[in-house]
2 protein chains.
Amino acid sequence: MKKLNVGILGPGTVGGGAYEILTKNKDVIEKRTGVSVEVFKLLTRRPRPEFPAELLTDDPDDILNNPDVNVVVETMGGIQPATSFMLQAMKNGKHVVTANKAAVAANYEELTGAALENEVKFLFEASVGGGIPVLTAIQNALSGNNFLEVMGIVNGTTNYILTKMTEDGADYKDVLKDAQAKGFAEADPTADVEGIDAANKLCILTALLFDKYIAPSDIPTTGISQITGTDIAAAAEEGCKIKLIAHATLKDGQVSCSVAPEKIPNSHPLAGVSNEFNAVYITGDMVGEVMFYGKGAGALPTGSAIVGDIISIAKEIK
Amino acid sequence: MKKLNVGILGPGTVGGGAYEILTKNKDVIEKRTGVSVEVFKLLTRRPRPEFPAELLTDDPDDILNNPDVNVVVETMGGIQPATSFMLQAMKNGKHVVTANKAAVAANYEELTGAALENEVKFLFEASVGGGIPVLTAIQNALSGNNFLEVMGIVNGTTNYILTKMTEDGADYKDVLKDAQAKGFAEADPTADVEGIDAANKLCILTALLFDKYIAPSDIPTTGISQITGTDIAAAAEEGCKIKLIAHATLKDGQVSCSVAPEKIPNSHPLAGVSNEFNAVYITGDMVGEVMFYGKGAGALPTGSAIVGDIISIAKEIK
């Protein structure tokens with residue numbers, strides 16, 4: 001049986017989730033791909049007693065320059081050194097799978113270009129919508145379509161806050177504190193509540209849907225920190241919910257995009273997407289409207305997307 | 001540039017939709033696959049002046065035994081002769097793409113076995129949920145999961161009828177007549193309203209999710225023809241909507257399945273799936289809950305799924 005050796009850069013929450021799935025579901029993955037997928041090395045600077053000691057290394061070259069590693073999973077987060085590590089891995093003929101939306105959005109063209117040049121796969125399903133298989137669908141099953149529009153609820157923290165403000169009539173600041181206490185918001189919530197995370201994801205969606213790269217910093221972005229209970233009540237009067245929408249539209253050959261709170265009619269499928277769930281609503285010229293819904297974050301959902309990408313590589317080498 | 005010649009058996013509504021997409025979006029398909037996908041022959045017994053005359057034939061062998069045809073699209077409907085034609089095409093080394101849920105459900109093991117034996121692709125994304133790319137997701141991006149449950153609204157006719165009964169407080173018989181007038185229900189609606197169509201689709205979902213074939217006739221099936229306005233009002237009192245659910249669950253290694261009207265709480269994502277829309281809600285051990293939503297029928301949505309399958313074949317031959 002063919003073997004595929006995986007090195008994970010940064011086995012934290014998401015990388016640890018991928019490790020857990022590759023380990024627990026090893027048999028089913030082997031059965032479905034005909035390939036034995038093995039975790040070969042984990043790059044971490046901190047002691048990680050939950051992993052087998054022989055897998056741990058603090059030297060990136062043990063993965064990036066190791067001829068026995070076939071696939072590099074990058075779940076370190078941050079733009080650097082993640083981007084350099086991914087480029088080095090591809091240069092060395094390794095396939096790369098990442099969940100890192102900031103790095104993919106910042107260096108989309110360089111990273112996808114390196115994959116083409118080195119004839120390796122560069123896959124990043126986990127970078128948008130966590131476990132929701134939306135990027136794969138855009139690039140495969142839906143790819144007979146010209147895409148016209150995408151509207152995404154792609155940030156769980158802000159969707160959780162807006163849901164609680166809507167359901168409980170609570171204030172933004174109180175809900176944010178509660179979300180931080182429950183682990184749905186970070187201590188510094190800026191990237192989430194100001195829409196920066198959503199802009200990174202919209203950059204990736206726009207690149208895939210419209211074959212057009214728009215840097216996150218060029219996407220007009222408004223977060224939810226100025227939304228008040230009065231705004232939400234006024235929207236409810238109109239039969240709407242306020243949602244933070246990553247929105248891109250193709251019109252007359254031009255792509256326009258924004259991240260901003262929008263009033264979504266209660267009858268729209270996106271209005272029913274609550275709490276920390278994510279959804280991406282896409283319009284194609286042939287398929288019409290399709291929506292993908294699921295958990296946009298978390299170790300195992302995001303790990304599921306990473307493992308899906310690894311499986312597609314395994315099927316190809318088979 | 002490599003070329004892929006497609007023969008379509010039965011260019012009616014769905015096959016005609018596939019033809020339209022392959023023709024109108026030829027450029028974008030070529031750009032995304034690097035392969036020139038051409039419609040080569042159309043098998044039809046009736047005169048079809050809307051298609052180029054040189055493509056038409058009434059002899060199945062012009063497609064099935066033609067060495068120039070690489071992919072056979074089967075959109076004739078019915079179990080036979082569709083199944084025999086698909087088997088013959090695979091025996092002759094042709095990939096097969098179909099939208100025919102009745103044929104796939106009835107002869108799942110024979111058809112998938114023939115594909116393995118003849119080393120060709122047998123793809124049927126269009127057979128469940130029209131344009132919604134759910135089967136591809138199960139087999140690829142989500143395939144690191146052990147699947148636990150599926151709940152599908154997979155029949156547009158019954159969902160349209162139940163939605164109108166719920167929204168307008170109308171009677172089953174009046175809504176059915178209205179649906180027939182609008183083209184959402186057939187003159188003989190039995191296969192839809194009695195759940196037979198949904199059972200075919202559940203058979204296919206169950207085979208892919210749980211690697212277990214359960215014949216449609218072995219799936220306990222109850223339709224919606226006995227649902228009354230009183231039932232719907234009683235469900236509403238409980239905060240629920242009645243939906244026809246194709247439901248399969250894995251418990252203690254056993255798959256149990258049914259097609260039946262179920263009370264779905266208004267807070268559940270499936271409760272918001274209205275009118276002729278379809279949705280499939282899947283639980284995996286790692287990804288948790290994911291839902292796929294879109295148009296479950298119609299020429300172009302279903303055609304989009306067929307073209308997605310053809311594109312995946314094109315990418316492979318590339």
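Predicted model: local features only at pLDDT ≥ 70, side-chain atom pairs only at ≥ 80, totals over all residues.
A polar contact is a pair of N or O atoms within 3.5 Å, where, within protein, one atom must be able to donate a hydrogen and the other to accept it.

View 1. With both residues of each pair at pLDDT 80 or more, 22 residue pairs are in polar contact between chain B and chain A. On the side of chain B that touches chain A, at least two residues come from each of α1 (13-24), α2 (26-33), α7 (134-139), β10 (277-284), β11 (288-295) and α13 (299-317). The largest share of this side, eight residues, is supplied by β11(B), and the residues of the side as a whole divide into 22 nonpolar, 13 polar and eight charged.

**View 2. The area buried between chain B and chain A.** The contact draws 43 residues from chain A and 43 residues from chain B. About 3,500 Å² is buried between the two chains, and carbon and sulfur atoms give 54% of this area. Within chain B, the residues that lose the most area to chain A are Arg32(B), Met286(B) and Tyr293(B), which together account for 19% of what that side buries.

**View 3. A salt bridge from chain A to chain B.** Four salt bridges are counted between chain B and chain A. Among them is the one that Lys31(A) forms with Asp211(B), in which the closest N and O atoms are 3.0 Å apart.

**View 4. Strand pairing across the two chains.** Strand β11 (residues 288-295) of chain A pairs with β11(B) in the antiparallel sense, over five bridges. In this pairing, Gly294(A) stands opposite Val290(B), a residue of β11(B).

Methods:
Residues numbered from 1 in each chain as written. Chains lettered and ligands numbered in written order. Heavy atoms only, no water. Contact = heavy atoms within 4.5 Å. Buried area = accessible area lost by both parts, 1.4 Å probe. Salt bridge = Lys/Arg side-chain N within 4 Å of Asp/Glu carboxyl O. Polar contact = N/O pair within 3.5 Å; in protein donor to acceptor, adjacent residues only side chain to side chain. Helix = DSSP H or I, 4+ residues; strand = E, 2+ residues; numbered from the N terminus. Nonpolar A, V, L, I, M, F, W, Y, C, P; charged D, E, K, R; others polar. Pairing = 2+ DSSP bridges.
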